Amino acid sequence: MFSWITHNLTVFFGSIVTLAGVIAGLIHSSKADANSAVRERTDLEKFILKTVKDDNEDLRKRYDGLASKFDEMDKDYDKFKDYHDQIVKKLQEQIDLKEEENRNLRQKNAALKKENAAYRARYGKLEE
């Protein structure tokens with residue numbers, strides 16, 4: 001009987017030790033998984049930050065060149081606009097002069113028509 005109790009106690013303690021080992025293994029693997037997840041998350045955050053930083057640097061380099069080109073085009077446009085305004089002003093002055101000349105010619109033409117009408121009234125119409 002003593003051997004039977006000893007045997008059962010040995011099996012019981014062996015079961016308890018096995019159960020404690022399984023529990024300890026589960027706790028260890030759970031902590032390892034948590035540490036692994038934290039490590040993976042940290043690595044992923046570092047990767048995302050590096051990717052965003054690299055993309056921003058690339059875009060900044062690309063658009064810095066475009067900004068200088070845009071500024072140059074803006075200056076060229078301003079020069080062209082000034083040149084255009086000068087040409088429009090000169091053309092408007094020429095138009096104003098031509099309109100004044102046209103008015104003067106119309107007045108002169110009207111005076112000549114009156115003189116011609118007076119001549120015809122006095123001497124009659126010329127025969128051809």
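Mentor: The count comes to three salt bridges, where a salt bridge is a side-chain nitrogen of Lys or Arg within 4 Å of a carboxyl oxygen of Asp or Glu. This is a predicted model, in which local features need pLDDT of at least 70 and side-chain atom pairs count only at pLDDT 80 or more, while totals for chains, interfaces and linings use all residues. Residues are numbered from 1 along each chain as its sequence is written, and side-chain values use heavy atoms, with hydrogens and water left out. As background, side chains of opposite charge can pair when their charged atoms come close.

Take the pair of arginine 41 and glutamate 45, whose closest N and O atoms are 3.2 Å apart. Because these two residues are four apart in helix H1, about one helical turn separates arginine 41 from glutamate 45; helices here are DSSP runs of H or I with at least four residues, numbered from the N terminus. Arginine 41 has 58% relative accessibility and therefore counts as exposed, whereas glutamate 45, at 39%, is partly exposed. In these terms, buried means under 20% relative accessible area, exposed over 50%, and partly exposed in between, with a 1.4 Å probe and protein chains only.

Lysine 50 and aspartate 54 form another salt bridge, with 3.0 Å between the closest N and O atoms. Here too the spacing is four residues within helix H1, which means that lysine 50 and aspartate 54 are about one helical turn apart. The lysine 50 side of the pair is exposed, at 53% relative accessibility, while aspartate 54, at 31%, is partly exposed.

Turning to lysine 98 and glutamate 101, their side chains meet in a salt bridge with an N to O distance of 4.0 Å. Lysine 98 is exposed, with 58% relative accessibility, and glutamate 101 is partly exposed, with 41%.

Helix H1 itself covers residues 2-123, and isoleucine 16 lies in it as well. With 40% relative accessibility, isoleucine 16 counts as partly exposed. Isoleucine 16 belongs, together with Trp4, Ile5, Leu9, Phe12 and Phe13, to a nonpolar surface patch of about 610 Å².

Key. Patches are made of residues with over 30% relative accessible area and no salt bridge: like charges are joined within 9 Å, nonpolar side chains (Val, Leu, Ile, Met, Phe, Trp, Tyr) within 5 Å. Accessible areas come from the Shrake-Rupley method with a 1.4 Å probe; for residues, only the protein chains shown count as cover.
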